[in-house]
Amino acid sequence: MSLGCPKALVDSERILTRLRAEGYEVAPSYRAADLVVVNTCGFIDAAVDESLDAIGEALAENGKVIVTGCLGAQPQKILDRHPQVLRITGPQRYEEVVASVHEFLPPKHEPFLDLIPAQGVKLTPRHYAYLKISEGCNHHCSFCIIPSMRGPLVSRPIGDVLREAEQLVRAGVKEILVISQDTSAYGVDLKYAAQPWRGTERHARFYDLAAALGELKAWIRLHYVYPYPHVDRAVELMADGRVLPYLDIPFQHASARILKLMKRPAAAEDTLKRIAAWRRIVPDITIRSTFIVGFPGETERDFEELLDWLRVAQLDRVGCFEYSPVEGAAANALRQTAVPDEVKAERRARFMVLAAEISAQRLQSKIGRTMQVLVDRVEGDLGIARSASDAPEIDGSVRIAGAKRLKVGDFAEVLITAASAYDLEARLHS
């Protein structure tokens, strides 16, 4: 069972790949399983509660449970509620998880490499996959405990990353979603060390990685991109069509005072200038972001500043979360007035109303245009697809009428016929 973000999903895939190579099989239900591995999330209180509930469900339905993932970095929290779990390991402890499975469910025979495909076991549909390029983070945002759970930035060698991406494309993957805690910091810890790939030395640097991935002729989507100055060069790759014109940037807020309390070294005025510059280079660029409202000390003036910023920024896709205190986060020690829960909820609602209005206006402008989409599923005569502006699970979709002949994983050219707040309607373009 895999909970939390795409980065945790990749961890689950790595564990499953190793176990599958040793002859273990994935069971369709608790009752059919001999043992359950729960990969947890521990980022915010709601995620902790979900993880603890999932562990409890697995114990009730199966009884033999190994726990791993971010919440595993706080074992006592798990043991206080579920003392009967077999073993607890922290995030990225792949070998410990596999060793624990061996202990409580020994393999029946020696591993055979042909039991798994070259690209490993994937938990995503065949046509898209997540590519994790690093672990950990060097930032110390006051609301976050990721560095304490996953450690500092540790980038994968660029040769390893590119070979994995190449294997994914060979296996039929049409879209690669690049993920990490801080994608644009990739390679800093490696001092940008170079390795050969396709006969050329490639440096472990954000731009170089994006450029190399762009040679694979797949959709390349960049997530968790911190807006360092060198990100501007990656936008040029989007203008050339080498990577998707899509940036997922966690701005978090727009008030300079709140950003300082969050320990986010960014200025709202600078980000607005950057966004305008990116749109001059790539008019169709999609910018996605997430925000936190109700951070300790946030006043109505701070929140209005955020709304004003969003009106100017005109972001295409946004998510908004009410601040939730996380055990071990530096924000807990801030001498700031806590924002009441009802005020947090009211501010989030206002934020999302504005975000929906902006999204609806921007999608309306796409009516009458043709675009390429990637088909995620087909339901009778209706195709559910995504455009370059839509990441799986978190963004909108394109609903295609008369799509019976399409198959999952197909690319299709469609004509946009209608739009709602977050989704598009289309028909096949002849």
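# Cysteines, strands and a buried arginine

Student: How far is the sulfur of Cys 41 from the closest cysteine sulfur?
Tutor: The gap is 6.0 Å, to the sulfur of Cys 70, so the two are too far apart for a bond. A disulfide here is a pair of cysteine sulfur atoms within 2.5 Å. Before we go on, note that this is a predicted model: local features need pLDDT of at least 70, side-chain atom pairs count only at pLDDT 80 or more, and totals for chains, interfaces and linings use all residues. Residues are numbered from 1 along each chain as its sequence is written, and side-chain values use heavy atoms, leaving out hydrogens and water.

Student: What about Cys 137, how far is its sulfur from the closest one?
Tutor: That distance is 6.4 Å, to the sulfur of Cys 141, again too far for a bond.

Student: How many disulfides turn up in the whole structure?
Tutor: Zero, when the whole structure is searched.

Student: Are Cys 41 and Cys 137 buried or exposed?
Tutor: Cys 41 has 16% relative accessibility, so this residue counts as buried. Cys 137 is buried too, because its relative accessible area is 12%. Buried means under 20% relative accessible area, exposed means over 50%, and partly exposed lies in between (1.4 Å probe, protein chains only).

Student: How many of the residues in α1 are buried?
Tutor: 12 of its 16, so this helix is mostly covered. Among them are Leu 9, Val 10, Ile 15 and Leu 19. After α1 comes Gly 23, with a positive phi near 100 degrees.

Student: Which residues touch the most other members of the largest nonpolar core?
Tutor: In that core of 56 residues they are Leu 213, Leu 247, Trp 278, Trp 309, Leu 310, Leu 315 and Phe 351. Helix α7 (residues 206–213) gives the most to this core, with seven residues. There is also a second, separate core of 16 residues, including Val 36 and Leu 59. A nonpolar core is a set of buried Ala, Val, Leu, Ile, Met, Phe, Trp, Tyr and Cys residues joined through side-chain atoms within 4.5 Å.

Student: And what is Leu 247 in contact with?
Tutor: Setting aside neighbours within four places in sequence, its contacts include Leu 222, Val 235, Trp 278 and Arg 288. Contact means heavy atoms within 4.5 Å.

Student: Now Arg 317. Where is that residue, and is it buried or exposed?
Tutor: Arg 317 is in strand β13 (residues 317–322), and at 6% relative accessibility it counts as buried.

Student: Which side chain does Arg 317 join in a polar contact?
Tutor: That of Asp 390, at 2.3 Å. A polar contact is a pair of N or O atoms within 3.5 Å; within protein, one must be able to donate a hydrogen and the other to accept it, and residues adjacent in sequence count only if both atoms are side-chain atoms.

Student: On to sheets. What order do β1, β2 and β3 take?
Tutor: The three strands form an open sheet, ordered β1-β2-β3, with parallel pairing. The edge strands are β1 (36–40) and β3 (87–88), and each pairs on one side only. Two strands pair if DSSP finds at least two bridges between them. β1 and β2 (residues 65–69) have five bridges, and Val 37 has Ile 66 as its bridge partner in β2.

Student: Which residues are on the covered face of β16?
Tutor: Val 398 and Ile 400, while Arg 399 and Ala 401 are on the uncovered one. β16 is joined by four bridges to β15 (residues 382–386), running antiparallel. With β18 (residues 424–428), β16 pairs in the parallel sense over four bridges.

Definitions and conventions. Helices (H or I, at least four residues) and strands (E, at least two) are DSSP runs, numbered from the N terminus.
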